[in-house]
Amino acid sequence: VKLILPFLFYMVGFNIKEWAETGFSHNYIQRNYHVIENSARWFRRLFPGILAPFAGVPPNQIGPEFYTVEFYEGILKEIFLDPEFGKSNYFWRFYCEKGYKDPTCCPRTLMRQHFEALRANAGCFEWHHATVQETMERVKPRTFTKLVLLDHMDWMPNKMVHDEWIALQRATKPGAKILWRSAFTHNGDKPFFNNVDIDDLSPKWYSKDRVKMYPGTFLSYMPRDEFPFVDPKPSPCQLASSFTKVKTTTKMILHPLTAGRVSAHGDKMSSFYASQAKGYDAVRENMLVARPEMMSAFGPIKEGHTWLDIGGGTGRNLHYIRAQLDRFESIVVLDICPELLQIGQMHARLTFTPEQYDKIRWVCMDINAPTIREELAKVCGNTLERGFDTITFSYSLSMIPAWEQALYSARSLMSEDGRVLVADFDTYTEQGNSFKDFLIRTWYRQDGVRIEAKSRETIAEVFEDKEYTVTCARMQRKLAGVWIPHYVACARKGTITMPNGFRRPSVPDLSKFYSMEEKTHE
């Protein structure tokens, strides 16, 4: 990179010697701002595939932002308008001046004048040649009160981040302060981060950064309630023989040719799934791959947690967090297909303890039914008064005819700190108007699955109020050698994690206060 930079400066018409003669004047950069714009375009072309390895950026860290000109323009602007450029700015010291081998090109803590202080306090340091997760699993529980994680999570997939934070929660005290850096300005590409309340410090601290290559700085407090422990391994009862898998797959593929004509939504679902019910989980395990990603964003599971799984049929999602079912007060699996619910009940009875099974309610009903709230209240009792803490649509939203209304129904059933999670098929492009989008839309439509970019847009519209935070992670996974797009969306009401680890709504529910006041006056 140090050899390529002078060539890049030459290609974009940037005379760095002339700029140095002005004392690295900001006015010079502003007069020649086209240099920043041209450089950003060059970096957009060269960095992701060519320069990244030389800059110490692994392929897994190359996120969507690395393919936008705006990303590089913002970083270059901060670098070249840094008041310390030409002095202590790391970009200048490393790439334009003496380089990393010079003793003065180092963090302040490692400067010679601080050697004695470091030597005097060397006894408080421990050195571990291991991953963060391995180290956190070695130490005693609740050891740490502060953690600094730097930027290593950028190149980790969501599952690794999830597993690491499970270990971090074990090793820290509730309310522990956690600081980390990132090359990105948000964490929405990893569903797990919906479990923590994140304070974005980037606007405050980026201008003070000596490197200027990490725009994101984030702070969080470790919640007291447990993170979801997602076990992707199916329960034994959900496995199936090769013959059953082939039989189920054949019925699924031939369904458009063999199914009779029915008009009601419930009848359509029964027609499609009745013959596939026994092998459903085993066949869909490698097809519905965003389910564990969605479950990783489930939210901290408190004692007395409530959960509504819409379109949950066979209860597969319950098995992802089977280790934590004791913490729930009630779980409702809602589906319009009775055949799938029967399989779900059977699997739950074989897998869970009687106490855990008794917490689960199996409801055959449409989420858009006018009496949905009243019917769920009969099933849940008083627990419905506060709503559901987590509501999930696991590849079900795309099969509900009035799917926009289903989102509004789910919103009306949320608790004061609730969340709605959606995992489903996605389009290849952001707008969903490419030829590949046409092909996947046509293929899945024959099974009654609706795939369109509008799904993501509508989720953001339904939960656009200030009290909601909405994220959407898009991904592609291979199925029989073909890349299939999926997304995980999370819409959650704002919460604040206190320094003691307890969580509270960021927007208090004043309706309860008013109802109490009315009762007092009565």
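**Exercise 1.** Which side chain meets that of Glu 404 in a salt bridge?

*Solution.* First, some ground rules: this is a predicted model, where local features need pLDDT of at least 70 and side-chain atom pairs count only at pLDDT 80 or more, while totals for chains, interfaces and linings use all residues. Residues are numbered from 1 along each chain as its sequence is written, and side-chain values use heavy atoms, with hydrogens and water left out.

Step 1: look for a salt bridge, that is, a side-chain nitrogen of Lys or Arg within 4 Å of a carboxyl oxygen of Asp or Glu. The partner of Glu 404 is Lys 454, at 3.7 Å from N to O.

Step 2: Glu 404 belongs to helix α19 (residues 403-412) and Lys 454 to helix α21 (residues 454-462), so the pair links parts of the chain that are 50 residues apart. Helices (H or I, at least four residues) and strands (E, at least two) are DSSP runs, numbered from the N terminus.

Step 3: check the accessibility. Buried means under 20% relative accessible area, exposed over 50%, and partly exposed in between (1.4 Å probe, protein chains only). Glu 404 is partly exposed at 26%, and Lys 454 is partly exposed at 41%.

**Exercise 2.** Find the salt-bridge partners of Asp 209 and Arg 327, then work out where each pair sits.

*Solution.* Step 1: Asp 209 meets Arg 181, with N and O 3.3 Å apart. Asp 209 is in the loop between α10 (202-205) and β4 (216-221), and Arg 181 is in strand β2 (residues 172-182), 28 residues away. Asp 209 is buried at 10% relative accessible area, whereas Arg 181 is partly exposed at 22%.

Step 1: Arg 327 pairs with Glu 226, the closest N and O atoms lying 3.4 Å apart. Since Arg 327 is in the loop between α15 (316-320) and β6 (328-335) and Glu 226 in the loop between β4 and α11 (242-258), this pair ties together parts 101 residues apart in sequence. Here Arg 327 is the buried end, at 14%, and Glu 226 is partly exposed at 32%.

Step 2: zoom out. The structure has 22 salt bridges, and a network of them links Lys 302, Arg 386, Asp 389 and Asp 417.

**Exercise 3.** In what order do the strands of the four-stranded open sheet run, and which are the edges?

*Solution.* Step 1: call two strands paired if DSSP finds at least two bridges between them. The order is then β1-β2-β4-β3, with mixed pairing.

Step 1: β1 and β3 (198-200) are the edge strands, each pairing on one side only. For β3, the partner is β4, antiparallel over three bridges, and Asp 199 stands opposite Leu 219 in β4.

**Exercise 4.** Which residues of helix α18 are buried, and what do they pack against?

*Solution.* Step 1: in α18 (residues 372-380), the buried residues are Ile 372, Leu 376 and Cys 380.

Step 1: look down the axis. The buried residues fall within an arc of 55 degrees, so they line one face of α18; the arc is that of the directions from the helix axis to the C-beta atoms. An α-helix has 3.6 residues a turn, so residues three or four places apart point the same way.

Step 2: these buried residues pack against β5 (305-310), β6 and β8 (388-394), where contact means heavy atoms within 4.5 Å. Gly 381 follows α18, with a positive phi near 75 degrees.

**Exercise 5.** Is Ser 296 buried or exposed, and which backbone oxygen lies 2.6 Å from a polar atom of its side chain?

*Solution.* Step 1: Ser 296 is in the loop between α14 (291-295) and β5, and it is buried at 2% relative accessibility.

Step 1: the backbone oxygen is that of Glu 293.

Step 2: beyond neighbours within four places in sequence, the contacts of Ser 296 include Asn 158, His 162 and Phe 192.

Methods
A polar contact is a pair of N or O atoms within 3.5 Å; within protein, one must be able to donate a hydrogen and the other to accept it, and residues adjacent in sequence count only if both atoms are side-chain atoms.
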